[in-house]
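I opened the model to look up two things.

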Amino acid sequence: QVHLVESGGGLVQPGGSLRLSCAASGITFIVYPMSWFRQAPGKEREGVAFITSTSGGGTTYYGDSVKGRFTISRDNAKNTVYLQLNSLEPEDTALYSCAAFTSEGSWKNQFNYNYWGQGTQVTVSS
């Protein structure tokens, strides 16, 4: 019933940009804070970016490793959350997944999310 579907990943050279999209269905999208996580092989899943609901002010938060380079946004009319990736580095290579925040606590804690997309792969390589 609940579906989060990511798109927009791909292969990009260092310094390049991508825009990821996450289309949601089966949830009242407008009320959910949304996040992007990423996971590289052999590494823990990492919270990349978070955006509160509109009623929560649409405030954004970012992981330390991506501050100043990535931008999260949402379009409630389209039930879509975006992640703009700029100045990409090889270390950004990972599977990027979106998730709907469904609990109270830290946005970086993956266990505070019940709804996840399947992910879209971002590979940064020369």
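Are Arg 38 and Asp 92 buried or exposed? I looked up both, and both are buried; buried here means under 20% relative accessible area, exposed over 50%, and partly exposed in between, with a 1.4 Å probe and protein chains only.

Notes on the source. I am working from a predicted model, in which local features need pLDDT of at least 70, side-chain atom pairs count only at pLDDT 80 or more, and totals for chains, interfaces and linings use all residues. Residues are numbered from 1 along each chain as its sequence is written, and side-chain values use heavy atoms, with hydrogens and water left out.

Entry 1: salt bridges.

I found four salt bridges in the structure, a salt bridge being a side-chain nitrogen of Lys or Arg within 4 Å of a carboxyl oxygen of Asp or Glu. Side chains of opposite charge can pair when their charged atoms come close.

I looked up Arg 38 and found it in a salt bridge with Asp 92, with 2.9 Å between the closest N and O atoms. Arg 38 sits in strand β4 (residues 34–39) and Asp 92 in the loop between β8 and β9 (94–101), so this pair ties together parts that are 54 residues apart in sequence. Strands are DSSP runs of E of at least two residues, numbered from the N terminus.

I then checked Arg 69, which also forms a salt bridge with Asp 92; here the closest N and O atoms are 2.7 Å apart. Because Arg 69 lies in the loop between β6 (60–62) and β7 and Asp 92 in the loop between β8 and β9, the pair ties together parts 23 residues apart in sequence. The relative accessible area of Arg 69 is 12%, so I list it as buried. Asp 92 counts as buried at 1% relative accessibility. Through shared partners, salt bridges join Arg 38, Glu 46, Arg 69 and Asp 92 into one network.

I also noted a salt bridge between the side chains of Asp 64 and Lys 67, at 2.8 Å from N to O. Asp 64 counts as exposed, at 59% relative accessibility.

Entry 2: the sheet.

I traced an open sheet of four strands in the order β1-β3-β8-β7, with antiparallel pairing; two strands pair if DSSP finds at least two bridges between them. Its edge strands, β1 (3–7) and β7 (70–75), each pair on one side only.

Which strand do six bridges join to β3 (residues 18–25)? I found β8 (residues 80–85), running antiparallel to β3. Within that pairing I looked up Ala 23, and its bridge partner in β8 is Thr 80.
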